[in-house]
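Here is a short briefing on one protein model and its ligand. Keep the structure open while you read.

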Amino acid sequence: MFTTLLSKRAPAYADVPEEKWNDWRWQLSHRLNTVEEIEKVFLLTESEKNALNSSGLFRVDITPYFISLIDADDAEDPIRKQVIPTAAEMVPFTSMMEDSLAEDRHSPVPGLVHRYPDRVLMLVTTQCASYCRYCTRSRIVGDPSATFSRHEFEMQIEYLKRTPQVRDVLLSGGDPLVLAPKILEEILTRLREIPHIEIVRIGSRVPVFMPMRITQELCDMLGRFHPLWLNIHVNHPNEITQELADACDRMSRAGIPLGNQSVLLAGINDCVHIQRELVQKLTRIRVRPYYLYQCDLVEGAGHFRTPVAKGIEIMEGLRGHTSGYAVPQFIVDAPGGGGKIPVMPNYLLSMSDHKVIVRNYEGYVTTYEEPTEYKAHDPKTCKYCQSKRMEPGQTGLTGLLDGDEMFIKPSGFDEIHDRNGIQHRLKDSKKWQPLGIGAGDAVHHDEA
Ligand SMILES: *Cc1c(COP(=O)(O)O)cnc(C)c1O
């Protein structure tokens with residue numbers, strides 16, 4: 001393992017006995033959220049004090065462990081900016097939205113977001129170990145009066161039971177790993193009783209905010225619900241401590257594949273070199289970088305936004321320059337509920353009928369000669385093609401390629417283009433018979 005990893009404790013906690021410091025319940029009950037408490041660890045700026053003293057702010061809470069990672073002398077510290085509010089948080093910006101991903105519209109029952117055909121996002125709590133200032137779900141997260149709801153949970157389970165297309169459930173919130181262990185165990189047990197649910201995933205920042213929560217006992221419990229995957233949320237290399245490495249090691253040994261999702265944040269990690277260090281450090285603790293998100297258009301996060309181009313520049317600096325395992329996908333989660341859209345530099349430069357021109361990370365431009373004798377895959381004899389189980393209406397461009405559909409039309413397209421077309425006097429209507437897919441809506445719909 002590493003020899004260079006830090007394990008830090010702010011001077012304010014020097015006298016806390018080891019067994020308390022390493023007890024996650026102590027960490028939770030000693031979280032900081034006021035000017036007075038935080039100033040025992042480091043001095044705040046005027047902007048930070050203003051924000052902390054204002055009302056209506058998204059909840060603040062920071063574990064003693066996580067606040068200890070902040071450099072007390074650096075007002076620009078990348079961890080500080082993630083958890084300490086500033087006055088900038090209260091500034092609105094163009095196109096700011098409360099629910100920028102339109103999650104509420106995609107919720108068939110409260111707390112369940114069914115956006116994609118085969119998987120759902122299940123929000124099981126509104127509580128976290130600490131609160132990220134750029135939280136995409138700040139409209140619901142942090143409300144101390146609304147934690148796990150048994151009534152909502154039963155409705156979610158009922159929906160999942162009657163929706164067999166769902167094979168993947170992603171537990172999030174809030175943070176599922178702050179739930180009482182018995183409740184988390186019950187959620188996982190109930191999900192496992194549903195035969196069509198093949199995999200369960202957890203999205204959690206607990207390993208980062210409070211690695212002592214990842215006890216052997218918790219890992220043993222989680223390990224009973226395989227296949228179980230887990231994504232953590234690390235944004236900056238300074239968050240990778242000895243404690244996080246140990247927590248990840250325990251989860252990996254319990255058979256849980258680990259991924260990381262980070263958010264591209266101005267003044268925190270909007271730098272190719274920080275990102276390269278981050279993803280390399282993650283692979284050293286056996287965490288596979290999964291997604292790097294463009295910051296959502298969420299209230300309070302305007303000052304964290306970067307141009308999308310910054311993410312493309314970072315991807316240019318990762319792909320080819322370091323291990324493929326260390327390269328995440330850069331994702332714009334489309335406002336209005338369009339879902340996750342991968343964005344990257346162009347590697348395909350041009351093509352003809354027999355070759356493609358591609359370039360690599362070094363700018364080396366080369367050609368790939370296409371095969372002249374390609375025996376096309378035949379869907380009619382392929383048993384996988386025959387048994388395909390795609391949701392009608394959600395097949396997208398792959399539906400166009402498959403030949404099930406011929407076009408995707410914006411709404412209102414037919415009305416706009418209906419100019420009361422009349423037939424030319426010379427056209428013989430008996431001469432032209434529609435053939436196959438796309439030959440006419442009537443034919444097409446009759447077949448389907
Ligand atoms: C992110 C997300 C998922 C999971 O997406 P993957 O690309 O499969 O990781 C599922 N549902 C919703 C609503 C999401 O936002």
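The backbone nitrogen of Glu362 sits 2.8 Å from a polar atom in the side chain of Asn360. Keep in mind that this model is predicted. The points below start with that loop, then turn to the ligand, the helix pairs and some backbone details.

**The loop with Asn360**

- Asn360 belongs to the loop between strand E11 (355-359) and strand E12 (365-369).
- Find Leu348 as well: Asn360 and Leu348 are 12 residues apart in sequence.
- In space, their C-alpha atoms are 9.3 Å apart.

**The ligand and its shell**

- Which residues are around the ligand? They are Val113, Arg115, Tyr116, Arg119, Leu121, Leu170, Arg201, Tyr290, Tyr291 and Lys340.
- Sorted by class, this shell has 6 nonpolar residues, 4 charged residues and no polar ones.
- Arg119 places a polar side-chain atom 2.7 Å from an oxygen atom of the ligand.
- For Tyr291, a polar side-chain atom lies 2.6 Å from a ligand oxygen atom.
- For Lys340, the distance from a polar side-chain atom to an oxygen atom of the ligand is 3.0 Å.
- How much of the ligand's accessible area does the protein cover? On its own, the ligand has 390 Å² of accessible area, and the protein covers 88% of that.
- Two elements give two or more residues to the shell around the ligand: strand E2 (119-123) and strand E7 (288-293).

**Helix pair H12 and H13**

- Helix H12 spans residues 272-284, and helix H13 spans residues 308-318.
- They pack at an angle of about 55°, and their axes are 9 Å apart.
- Because of that angle, H12 is oblique to H13.
- The crossing of H12 past H13 is right-handed.

**Helix pair H7 and H8**

- Helix H7 covers residues 150-161, and helix H8 covers residues 181-192.
- Their packing angle is about 20°, with 11 Å between the axes.
- Is H7 roughly parallel or roughly antiparallel to H8? Angles under 35 degrees count as roughly parallel, so H7 is roughly parallel to H8.
- H7 makes a right-handed crossing as it passes H8.

**Cis peptide bonds**

- Where does the chain have a cis peptide bond with omega near 15°? Look at the bond from Gly173 to Gly174.
- Gly174 lies in the loop between strand E3 (168-172) and H8.
- The peptide bond from His226 to Pro227 is also cis, and its omega is near 0°.
- Pro227 is in the loop between helix H10 (216-222) and strand E5 (228-232).

**A positive phi**

- Ser95 is not a glycine, yet its phi is positive, at about 70°.
- To find Ser95, go to the loop between helix H6 (80-83) and strand E1 (112-113).

Conventions: Residues are numbered from 1 along each chain as its sequence is written. This is a predicted model: local features need pLDDT of at least 70, side-chain atom pairs count only at pLDDT 80 or more; totals for chains, interfaces and linings use all residues. Side-chain values use heavy atoms; hydrogens and water are left out. A residue is near a molecule or strand if one of its heavy atoms lies within 4 Å of it. A polar contact is a pair of N or O atoms within 3.5 Å; within protein, one must be able to donate a hydrogen and the other to accept it, and residues adjacent in sequence count only if both atoms are side-chain atoms. Accessible areas come from the Shrake-Rupley method with a 1.4 Å probe; for residues, only the protein chains shown count as cover. Helices (H or I, at least four residues) and strands (E, at least two) are DSSP runs, numbered from the N terminus. Ala, Val, Leu, Ile, Met, Phe, Trp, Tyr, Cys and Pro count as nonpolar, Asp, Glu, Lys and Arg as charged, and the others, Gly among them, as polar. Axes are lines fitted to C-alpha atoms, for helices over the stretch in contact, and angles run from 0 to 180 degrees between N-to-C directions. Angles under 35 degrees count as roughly parallel, over 145 as roughly antiparallel, 65 to 115 as roughly perpendicular and the rest as oblique. A crossing is left-handed if the near helix is turned anticlockwise from the far one by less than a right angle, and right-handed if clockwise.
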